[in-house]
Amino acid sequence: MKPVIALKKVSLQRGEQLILKDADLEVQTGSKLVIKGPSGCGKSSLLAALAGCYPPSSGAIFISGTQISRHNAAALRRDIAFIGQEPVTGAENVREALLLPFNFKANRALRVTEQEIIGVLERLQLQPDILSKECRHISGGEKQRIVIARALLLKKKIFLADEPTTGLDLDSSHAVIETLSDPEFTVVSASHDEHYLSHQQQVYVFKDYCLKAANEVM
Amino acid sequence: METLNFSFYDLLLLYILLLIPWLISYYLKLGIIRDSIVSIARMTLQLLLVGLYLSIIFKLNSFWLNLAWVTAMLITANITTLRRSNLAMRFTFLVTFAATAVGFTSILIFFVAVVIRPVPVFDARYIIPIAGMLLGNCLRGNVIALERFYSGINEHEKEYVTYVLLGANVAEATRPYLRLAIRAAISPHIATMATLGIVALPGMMTGQILGGAMPNVAIKYQIAIMICIFCSMLISSVLNIYFTRRYAFDDYGMLRREIFHKSN
C-alpha cells in the first residue's frame, strides 16, 4: 500500500540552520507516529515541511503519493490538519472559529450542518453551549479541542500535531488522544508528554539531524 | 486683496525673538538650544531654496517642468515610505511607486482638470501645492499601512499560517491584517475631517485667507482637498498593500523574510 506520508532522502534547512539530513520515512494509513527529541532540535520545522510550508533543501516529501512542490502545496494541504502547541482559533467566538475555513474559496464546496457541529463537539467532550462563548474566555484545553473539531468538520484525514497535549488539563488531553486515535486518521506528531507518547504506535527520536525509530536508538 | 509683504529685515526681528526661548532654555537647562539652532538653520536654508525654485517653476510654468517636479516628489515620497516602513527597496520600489502614482495622480488629475479647471490645466500654481498636500498625506498613510500590514503578519505568524493551512489563499489569509492596516492608516484623517473648523483652522484655508482669498472660496478648497486626500490616501494605501503582496509571499504562501530591510 502507498504510504500516506513519505520522506525520500529529505534534508531540511531553515536559513543557515540545518535541521534534518538525508532522512527516509514512510507513514502508512492510520499510523500514529510520534517524534521526540530535545526542544529546538527542529521537530516543529519538520512538521511545517510536511504541511508544505517550505520545500526541503534536497530530497522529496510525498503526501498520498504526490510529491509536494510549489505548484501543489495548497492543494495537498486540503487533506492535512495542522494542530499547533498554541491553538489559534482565529475568530471572536467559538462558532465563528469553527466556521472560519468554510469562508475560504478552497473550502466553498464543503457544507457543514448544525448536527455535524454538535456531533463533533460531543466527540471531543464539549458541550454545545461553548459555541456562543468568546474564544478569549475558554481554556487552552477547550481551544485545542475546538481546533481539532474544526479539522474534523473539514474532513481532514492526516493530522500533523505539534505538542498537542502539552499544558492541557487531563480531560482535554484524554479527549485529544482519543479523537486522534481513530484508525481512519494518520497522525504524525511531536511530543514530550509521556502520557501521549504511551498511546502512540511508533516512536521516533530526532537527534543530530537524524530520525531514528526509538527501538533502534535503545 | 494682496497679502502684505514684509522685508527680510523684518524677518530678522523674528530671529531676535528666538532669544527668548533660548534664554529660557539656558536658564532651565532644557538642552534644546543646539538642536533648535540646527533645525532653524535647516528650515531657513531649505525654504529659501524651495522659494527660489518654486519661483522659477511658476515663472516658466512649463508642462514638462511641472511633470518632472511632481515625479521627483513622487520618487522622494516613495523612498521615504519604504525607508520608514522597513521594506527592502530592491523588492518593492517599483510596485510601491506604481501604487502611489495611481492613487495620487488619478485624484490630482480629477481635482485639477475636472473640478478647478485652471488655464492652462497644468498651471504650477495649482498643480504643485495640491500635489504636495496629496502626496504628503499619501506618504503618511502608506507608511502606516505597509508597516502595520507586514509587521502584523510577522508578529502573528502562527495565526497567519493557521489561516493558510486551513485552506486560505494569500489574499484571504492576509485580509484581517489588511483591514487593521488600512484602518490605522486612514482613521487619523477621518478624525481630522470630523473636527475641522472646530479645533483649528486648517492650514490650506489659513494660507488662502492670508493670501487674500475670500473665506467662501477658501472653505470650498479646504473641503475639496480633504475629500481628495481621503480618496488618494485610501486608494494608494490599499494598492500599496495589494501590489507588494504579490512579491512578499513565496509559492508556499509564506512571508518572504527578504522583503524586510536587513536591520530588522
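Student: Strand E6 (residues 80–83) of chain A: are its faces covered or open?

Tutor: Both faces are covered. Ile80(A) and Phe82(A) are buried on one side, Ala81(A) and Ile83(A) on the other. Buried means 20 or more other C-beta atoms within 10 Å of the residue's own; 12 or fewer is exposed, and in between is partly exposed, with C-beta atoms placed from the backbone. Strands (E, at least two residues) and helices (H or I, at least four) are DSSP runs, numbered from the N terminus.

Student: Is this model predicted or experimental, and how are things numbered?

Tutor: This is a predicted model, where local features need pLDDT of at least 70, side-chain atom pairs count only at pLDDT 80 or more, and totals for chains, interfaces and linings use all residues. Residues are numbered from 1 along each chain as its sequence is written, while chains are lettered from A and ligands numbered from 1 in the order in which they are written.

Student: Back to E6(A). In which sense does E6(A) pair with E7(A)?

Tutor: Parallel, over four bridges; strand E7 of chain A covers residues 158–162. Two strands pair if DSSP finds at least two bridges between them. Ile80(A) stands opposite Ile158(A) in E7(A).

Student: What about the open sheet in chain A, which strands form it?

Tutor: Four strands, in the order E2-E1-E4-E5, with antiparallel pairing. The edges are E2 (17–27) and E5 (66–67) of chain A, each pairing on one side only. Inside the sheet, E1 (residues 5–14) and E4 (residues 58–63) of chain A are joined by five bridges. Leu7(A) stands opposite Ile61(A) in E4(A).

Student: Which strands does helix H1 of chain A lie across?

Tutor: H1 (residues 43–50) lies across E1, E2 and E4 of chain A, at about 125 degrees to E1(A). Axes are lines fitted to C-alpha atoms, for helices over the stretch in contact, and angles run from 0 to 180 degrees between N-to-C directions. Contact means C-beta atoms, placed from the backbone, within 7 Å.

Student: New topic. How many residues are in the largest nonpolar core?

Tutor: It has 105 residues. Such a core is a set of buried Ala, Val, Leu, Ile, Met, Phe, Trp, Tyr and Cys residues joined through C-beta atoms within 7 Å. Among those with the most contacts inside it are Leu50(A), Ala149(A) and Phe149(B).

Student: What does Ala149(A) touch?

Tutor: Leu98(A), Val120(A), Leu121(A) and Leu124(A), leaving out residues up to four places away in sequence.

Student: And between the chains, how many residues are in contact?

Tutor: 15 residues of chain B meet 20 residues of chain A. On the chain B side, helix H7 (residues 157–165) gives the largest share, six residues.

Student: Which peptide bond in chain B is cis?

Tutor: The one from Val119(B) to Pro120(B), with omega near -5 degrees. Pro120(B) lies in the loop between H5 (89–116) and H6 of chain B.

Student: Where are they, and are they buried or exposed?

Tutor: Asp22(A) is in strand E2 of chain A. Asp22(A) is partly exposed, with 13 other C-beta atoms within 10 Å. Asp208(A) sits in the loop between E9 (202–207) and E10 (210–213) of chain A. Asp208(A) counts as exposed because it has 9 C-beta neighbours inside 10 Å.

How values were computed: Two residues are in contact if their C-beta atoms, placed from the backbone, lie within 7 Å.
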